[in-house]
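Please keep the sequence and the structure in view while reading.

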Amino acid sequence: MSPVQSTCPRCFGPIESESACPACALGFVRRGALLDVLGPTEREQRAAEVEEFYTHSPFPGYAPADDAGTILDRSRKSGFLAALDRSIPPDARVVDCGCGTGQLAAFLALSAPHRQVFGVDGCKESLACGDAFRERTDTRNLQFVRADLFDLPLAEASFETVICRGVVHHTPDPEGAIASVARAVAPGGVLLLGFYETWGRAFHCLRRGLSKVRGKPIALLDPILRRRDLSDEKKRIWIQDQYYHPLEHILPMPGVLRTLEGLGFEWVRSVPPVPQDGRGGIFEATDRPGALGRTGLRAGWMLAGLNDPDAGLVALVARRKRG
Ligand SMILES: C[S@@+](CC[C@H](N)C(=O)[O-])C[C@H]1O[C@@H](n2cnc3c(N)ncnc32)[C@H](O)[C@@H]1O
């Protein structure tokens, strides 16, 4: 049997070895095709706690019947994911930092076989789900890597598109985490950073407070728990993630924008809103909102909170300046 081949996330060379990249010497532990850069080392207590949490509730999780077709269909029905796919060139190099079980990375890889897509996460269990899916669907342009967000095995400025969605607010140092993922973006490349926004998440904080008083979540107030088409397992994972997470920050959009601008990025847009009618991508620059515009956006997110299936997760898209 020929040895399993992986792709190095740092120099993009092929890897067949069990412990180090022959070209750049990046060290790892091999788990099938998955490269574990963290290895069995001791990690900081909070990070270990977060990994333990996702070990029991890998997020977002696959449905048992998921295959390449269902992932593509479901993802293309989402205005946001369809726009993201349209925006990323079909031969781009993409990394999803904190990919969890890797649906987004899998979608972007399946959708364009010449894209080179990496999914990096700290949770062994989540990555095992993702890698099993990758193997089942024989998705060859997708590589999963286990690593810590604060010590990414990625070369500086080496990716045209870096995605980090729903992750930095689950670290002890969101600003440091933003700086860490931003380093991998090539000049002229794009970072899509999704985070719990203070105003956007206000309604969820209220809902979570009420659920604490009641002793369990109030399904009537939660658009995900109200859905009849979701399995009990999906809802259990949602409840754990949204109501009982051991480490969560909420971040004000103007502060995140300031951080990105300080790192040499410029405003492209926020999501929401998603470009309408299937036209346009989400990497096309829009006017940077002034103070009033930012307040308007945030007020809109707050009002949408009641029925928001993402519970206040918003994204900023920013482009790294050249030179
Ligand atoms: C809520 S999940 C988001 C998953 C995926 N991005 C999505 O949007 O569905 C957060 C992920 O961040 C990962 N994570 C949190 N802290 C991390 C760290 N310090 N290093 C690597 N991954 C981390 C967790 O393991 C988890 O899979």
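Predicted model: local features only at pLDDT ≥ 70, side-chain atom pairs only at ≥ 80, totals over all residues.

Helix α9 runs over residues 253-262, and the buried residues in it are M253, V256, L257, T259 and L260. These residues lie on the same side of α9, because the arc that they cover around the axis is only 160°. On the other side of the helix, G255, R258 and G262 are exposed. Just after α9 comes G264, a residue with a positive phi of about 95°.

**The chain as a whole**

The secondary structure of the chain comprises ten helices and eleven strands. Its C-alpha trace spans about 55 × 45 × 40 Å along the principal axes. The radius of gyration is 19 Å, which agrees with the value near 20 Å that a compact globule of 323 residues would have. Of the 323 residues in the chain, 42% are buried. Among the contacts with a separation of 6 or more, 73% are between residues 24 or more positions apart.

An unreviewed UniProt entry places the feature "domain: Methyltransferase type" at residues 95-192.

**The surroundings of the ligand**

There are 21 residues around the ligand, and those that come nearest are G98, G100, G122, C123 and L149. Sorted by class, this shell has nine nonpolar, seven polar and five charged residues. Helix α1 (residues 45-56) supplies the largest share of the shell, with four residues.

S87 itself lies in helix α3 (residues 79-87), and with 19 other C-beta atoms within 10 Å it counts as partly exposed. When residues up to four places away in sequence are left out, S87 touches G281, I282 and F283.

T70, in turn, is found in helix α2 (residues 68-77). This residue counts as exposed, because T70 has 12 C-beta neighbours inside 10 Å and the cut-off for an exposed residue is 12 or fewer. T70 and E284 are 214 residues apart in sequence, and their C-alpha atoms are 28 Å apart in space.

**Backbone details in the loops**

A cis peptide bond joins F59 and P60, and P60 has its place in the loop between α1 and α2. Another cis peptide bond joins V271 and P272, with P272 in the loop between β10 and α10. The table gives the omega value for each of these bonds.

| Cis peptide bond | Omega |
|---|---|
| F59 and P60 | about -5° |
| V271 and P272 | about 0° |

Positive phi values also occur in residues other than glycine, including F12, where phi is near 65°, and D138, where phi is near 50°. F12 has its place in the loop between β1 (6-7) and β2 (14-15), whereas D138 is found in the loop between α5 (124-136) and β7 (142-146).

Is D138 buried or exposed? D138 is exposed, because its C-beta atom has 7 others within 10 Å, and a residue counts as exposed at 12 or fewer. F12, by contrast, is partly exposed, with 16 other C-beta atoms within 10 Å, a count that lies between the cut-off of 12 or fewer for exposed residues and that of 20 or more for buried ones.

Terms used
Residues numbered from 1 in each chain as written. Near = placed C-beta within 6 Å. Helix = DSSP H or I, 4+ residues; strand = E, 2+ residues; numbered from the N terminus. Nonpolar A, V, L, I, M, F, W, Y, C, P; charged D, E, K, R; others polar. Arc of directions from axis to C-beta. Rg over C-alpha atoms; globule rule 2.2 N^0.38 Å. Contact = placed C-beta atoms within 7 Å. UniProt positions renumbered as here; feature names shortened; annotations may be inferred.
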